[in-house]
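Here are a few exercises to work through with the structure open beside you. Try each task before reading its solution.

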Amino acid sequence: MIKLDNVSYNYGKKNVLDNISFNVEKNESVVLLGINGSGKSTLLKIINGLIFPQKGQFKFKGNEIDKKFISNKTNNKNFRKEVVLLFQNPDMMIFNPTVYDEIAFGLKQLGGDNIDEKVKYWANQLNVFNYLDAQPFKLSGGEKQKVCIASILVLEPSVLLLDEPTAHIDPRTTGWFVDFFNSLNITSIIATNNISLSTELGERGIVLSENHQVIYDGNLERLLEDKESLLKANLIHTHKHKHNGLEHKHYHIHYWD
């Protein structure tokens, strides 16, 4: 379904993706791991067709997604319905006067039927039905995140891209999100640097190094035992600390959320 072949991308002279290659099959859940600045968000933007590889190719269902493809109105509309992205900060996605309008916006722009029915269905699924008439920017961080998730799921996409989805929500809402996400039957790529949470979100992990390359692609449980890859990605570290008056060192997981 998703195929990246030697994808590279630079911001000016700064390299942020270096020869990235992997495939994602239908209904596969992939967790994209790496510290801040490793290129996770840029990679999701490429898969969402917001930017395009400067080298290499990105294909979706056999079609190369480039400027020419996206410039075709029909292609663009169909692609936008199928591949959706949840940004890390929900405030970047919210701009409508009411929660109802926020959830309905994509359907109205891209074309869809039964808009009212679908908006209310997903508002109910995301537990924001009682806020449909409220101003979304006045909601809590967790409620905003739920509104944003509803606004992309209402399109009934085939691919869900999530950029640090738990970065702005509390532990209780994080638990709810994990349960909700696992109830969906959808192809997904979730970017995070929370290793302990990653195994709750998928079985396959792809790790980007500080050099913006894929250094691991495989089972997430095995990744937790692969200290070499975790150290190379700067996802674990060692430091001295004391237990019961005894000073020693061991590995610690980095949390950047």
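Buried means under 20% relative accessible area, exposed means over 50%, and partly exposed is in between (1.4 Å probe, protein chains only). Helices (H or I, at least four residues) and strands (E, at least two) are DSSP runs, numbered from the N terminus. You're looking at a predicted model, where local features need pLDDT of at least 70 and side-chain atom pairs count only at pLDDT 80 or more, while totals for chains, interfaces and linings use all residues. Residues are numbered from 1 along each chain as its sequence is written, and side-chain values use heavy atoms, with hydrogens and water left out.

**Exercise 1.** Work out which residues of α6 are buried and what covers them.

*Solution.*
- Start with the span: α6 covers residues 141-153 and reaches 18 Å from first C-alpha to last, close to the 18 Å expected at 1.5 Å a residue (the expected span is 1.5 Å times one less than the number of residues).
- Next, go through the buried set: G142, K144, Q145, K146, V147, C148, I149, A150, S151, I152 and L153.
- Eleven of the 13 residues are buried, so α6 is largely enclosed by the rest of the structure.
- Finally, find the cover, which includes β6 (83-86), α4 (99-110), α5 (115-125), β7 (159-163) and α7 (171-182); contact here means heavy atoms within 4.5 Å.

**Exercise 2.** Find out what surrounds R80.

*Solution.*
- Locate R80 in helix α3 (residues 73-82).
- Check its charge partners: R80 is buried yet has no salt bridge, and the nearest side chain of opposite charge, D66, is 11 Å away. A salt bridge needs a side-chain nitrogen of Lys or Arg within 4 Å of a carboxyl oxygen of Asp or Glu.
- Now look for polar atoms: the backbone oxygen of G49 sits 3.1 Å from a polar atom of the R80 side chain.
- Leaving out residues up to four places away in sequence, R80 touches N48, G49, L50, I70, L110 and L155.

**Exercise 3.** Which strands pair with β3?

*Solution.*
- Two strands pair if DSSP finds at least two bridges between them.
- β3 (residues 29-33) and β8 (residues 187-192) run parallel, with five bridges; L32 faces A191 there.
- β9 (residues 204-208) is also parallel to β3, joined by four bridges, and L32 stands opposite I206.
- As for cover, four of the five β3 residues are buried.

**Exercise 4.** Which strands stand at the edges of the open sheet?

*Solution.*
- Read the order, β2-β1-β4-β5, with antiparallel pairing.
- β2 (14-24) and β5 (63-64) are the edges: each has a single partner strand, so one side of each is left without a neighbour in the sheet.

Conventions
Lys and Arg count as positive and Asp and Glu as negative; His and the chain ends are not counted. A polar contact is a pair of N or O atoms within 3.5 Å; within protein, one must be able to donate a hydrogen and the other to accept it, and residues adjacent in sequence count only if both atoms are side-chain atoms.
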